[in-house]
Amino acid sequence: MTVRAKALITLLPSDQGGLPHELPFRTQSLVVCACAGEHGVGPSRPFQVAITADDEEPLVPGDWLHVVTIATTDDDAVAYLRPGERFRLWCGHDVGSGIVSRRLI
């Protein structure tokens, strides 16, 4: 099963520990670290994901509230990527954050 969700992401600027370069609008270079439980109070878990920018623009360090679609084939993501849940974006270290706006069927 593929779990898909719409989300808003914010990427840290490069000079604040963000990515050193932009990523293409469709990437598998980032990991989503999300928490289970009510509003992220449970244990954190990483997920390999595909992220696609809805506007088909590159993901640029410093981007703020970029609308994306997140997809993963990890069935456990159903418990983590729920509307309103926050997550971290990771690429060797934290490079941004996001919030799930809705789940896609």
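I began with R86, which is found in strand 7. Strands here are DSSP runs of E, at least two residues, numbered from the N terminus. The model is predicted, so I kept the limits in mind: local features need pLDDT of at least 70, side-chain atom pairs count only at pLDDT 80 or more, and totals for chains, interfaces and linings use all residues. Residues are numbered from 1 along each chain as its sequence is written, and side-chain values use heavy atoms, with hydrogens and water left out.

I looked up the exposure of R86. R86 is exposed because its relative accessible area is 61% (exposed is over 50%, buried under 20%, partly exposed in between; 1.4 Å probe, protein chains only). Beyond residues up to four places away in sequence, R86 touches A34, G98 and I99 (contact: heavy atoms within 4.5 Å).

Next, the pairing. Strand 7 (residues 86-90) runs antiparallel to strand 8, with five bridges; pairing needs at least two bridges found by DSSP. W90 has D94 as its bridge partner in strand 8. The two strands form a hairpin with three residues between them, and G92 in the turn has a positive phi of about 85 degrees. Strand 8 (residues 94-104) is also joined to strand 1 (residues 3-11), antiparallel, by eight bridges. There, L8 is partnered with I99.

Last, the core. The largest nonpolar core holds 25 residues, and F87 and L89 are among those with the most contacts inside it. Such a core is a set of buried Ala, Val, Leu, Ile, Met, Phe, Trp, Tyr and Cys residues joined through side-chain atoms within 4.5 Å. Strand 1 gives the largest share, five residues.

Methods:
Helix = DSSP H or I, 4+ residues; strand = E, 2+ residues; numbered from the N terminus.
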